[in-house]
Amino acid sequence: MKKKPREINISEMFVCRDLHDIRQTKGISRKDVAEETGLSESMVSNIENGQNVGFHNIVAYADYFGYDVILRKKKPTKIVDTSAEETIGGVKCIYF
């Protein structure tokens with residue numbers, strides 16, 4: 001029985017953490033990812049740390065590990081607090 005592919009949910013700001021965890025679980029260095037994807041080591045680090053890196057760079061990183069980054073339209077939600085922020089795994093996430 002084939003396992004259902006794992007979805008990485010970009011709308012919840014966990015992409016950077018997921019990609020970092022996938023890389024570490026597979027025992028692959030940032031340098032290896034950089035060499036195989038054509039991204040710089042600093043770009044790989046920036047992706048994992050949730051920096052503003054450009055969607056195409058995130059897609060290139062995820063593609064290296066065999067993942068698709070899926071965008072889907074969110075259901076309209078009522079914004080209660082536009083200044084909410086938290087730190088997840090050392091990454092500052094700001095919610096709008």
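**Salt bridges**

I counted 3 salt bridges, taking one to be a side-chain nitrogen of Lys or Arg within 4 Å of a carboxyl oxygen of Asp or Glu. The model is predicted, so I kept to the rules that local features need pLDDT of at least 70 and side-chain atom pairs pLDDT 80 or more, while totals for chains, interfaces and linings use all residues. Residues are numbered from 1 along each chain as its sequence is written, and side-chain values use heavy atoms, with hydrogens and water left out.

**Entry: Asp21 and Arg17**

I found Asp21 paired with Arg17 in a salt bridge, 3.7 Å from N to O. Both lie in helix α1 (residues 15-25), 4 residues apart, which means about one helical turn separates them. Helices here are DSSP runs of H or I, at least four residues, numbered from the N terminus.

**Entry: Glu48 and its partners**

Which residues are linked with Glu48 in a network of salt bridges? I noted Arg23 and Arg30.

The closest N and O atoms of Arg23 and Glu48 are 2.5 Å apart. This pair links distant parts of the chain, helix α1 and helix α3 (residues 41-48), 25 residues apart. Arg23 is buried at 7% relative accessible area, and Glu48 is buried at 1%.

Glu48 also meets Arg30 in a salt bridge, at 2.7 Å from N to O. Arg30 is partly exposed, at 27%.

Definitions and conventions
Helix = DSSP H or I, 4+ residues; strand = E, 2+ residues; numbered from the N terminus. Buried < 20%, exposed > 50% of the residue type's maximum accessible area, 1.4 Å probe, protein only.
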